[in-house]
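The following report describes the fold of one protein chain and then turns to a selection of its side-chain pairs. Please look at the sequence and the model before reading on.

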Amino acid sequence: MPGVEVVQDSLLEHLLNTTIAGKKELIEIDGFRVQIYSSNQQQVAKSEALALENKLKNQVNQTIYVVYLPPFWKVRIGDFRNYDDAREYKKNFIQQFPELMGDTYIVRDKVKVLP
């Protein structure tokens with residue numbers, strides 16, 4: 001009976017090892033996120049941003065960030081090292097949530113990634 005060989009990406013192995021050990025060694029680098037909301041209407045912007053985060057938190061496979069960069073409340077998704085990965089995610093996101101297409105675009109940001 002032949003043996004089984006498991007082949008996995010080294011990043012996955014590192015993630016599994018640090019998660020099992022109870023440590024997550026994330027670093028911040030320049031990267032990209034997909035922004036899906038931005039508003040400076042102070043009466044409603046915060047509640048709309050938080051409502052959008054709540055609506056999406058169990059439907060997307062990336063981290064959702066609600067940020068306040070005066071005077072704007074913004075909702076951004078993901079921690080992408082490069083523009084192409086962000087673009088691919090944006091394309092898939094718009095297919096899943098076409099009603100957000102007009103507010104969805106890629107922005108530069110500091111992102112959290114494994115070293």
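## Basis of the description

This is a predicted model, in which local features need pLDDT of at least 70 and side-chain atom pairs count only at pLDDT 80 or more, while totals for chains, interfaces and linings use all residues. Residues are numbered from 1 along each chain as its sequence is written, and side-chain values use heavy atoms, with hydrogens and water left out.

## Overall fold

The chain has three helices and four strands, which follow one another along the sequence in the pattern α-β-α-β-β-α-β; helices (H or I, at least four residues) and strands (E, at least two) are DSSP runs, numbered from the N terminus. Of the 115 residues, 31% count as buried, where buried means under 20% relative accessible area, exposed over 50%, and partly exposed in between (1.4 Å probe, protein chains only).

Contact is defined as heavy atoms within 4.5 Å. Among contacts in the chain between residues at least 6 apart in sequence, 68% join residues at least 24 apart.

## The sheet and its helices

The four strands form an open sheet with the order S2-S3-S1-S4 and antiparallel pairing, two strands being paired if DSSP finds at least two bridges between them. Strand S2 (64-69) and strand S4 (105-113) stand at the edges with a single partner strand each, so one side of each has no neighbour in the sheet. From one strand to the next, the twist averages 40°; axes are lines fitted to C-alpha atoms, for helices over the stretch in contact, and angles run from 0 to 180 degrees between N-to-C directions. Six bridges join S2 to strand S3 (residues 72-80) in the antiparallel sense, and Tyr68 has Trp73 in S3 as its bridge partner.

Helix H2 (residues 45-56) packs on this sheet, where it touches strand S1 (27-39), S2 and S3, and its direction makes about 110° with that of S1. Helix H3 (residues 83-96) also packs on the sheet, touching S1, S3 and S4, with a direction that makes about 30° with that of S1.

## Salt bridges

Side chains of opposite charge can pair when their charged atoms come close. A salt bridge is taken here as a side-chain nitrogen of Lys or Arg within 4 Å of a carboxyl oxygen of Asp or Glu, and by this rule the count comes to seven. In one of them, the side chains of Lys110 and Asp30 meet at 2.8 Å, N to O, a pair that links distant parts of the chain, with Lys110 in strand S4 and Asp30 in strand S1, 80 residues apart. Lys110 is partly exposed, with a relative accessible area of 42%, whereas Asp30 is exposed, at 58%.

Another salt bridge joins the side chains of Glu88 and Lys91 (3.9 Å, N to O). These two residues are three apart in helix H3, so about one helical turn separates them. Glu88 is partly exposed, with a relative accessible area of 40%, and Lys91 is partly exposed too, with 46%. Elsewhere, salt bridges that share partners join Arg33, Arg76, Asp79 and Asp109 into one network.

## The surroundings of Asp79

Asp79 lies in strand S3 and is buried, with a relative accessible area of 17%. Its side chain meets that of Arg33 in a salt bridge (2.7 Å, N to O), and Arg33 is likewise buried. This pair links strand S3 with strand S1 across 46 residues.

When neighbours within four places in sequence are left aside, the residues in contact with Asp79 include Phe32, Gln62, Thr63 and Val111.

## A buried loop residue

Phe97, found in the loop between H3 and S4, is buried, with a relative accessible area of 4%. Leaving aside neighbours within four places in sequence, Phe97 is in contact with Leu56, Gln59 and Val60. The C-alpha atoms of Phe97 and Leu56 are separated by 9.8 Å, although the two residues are 41 apart along the chain.
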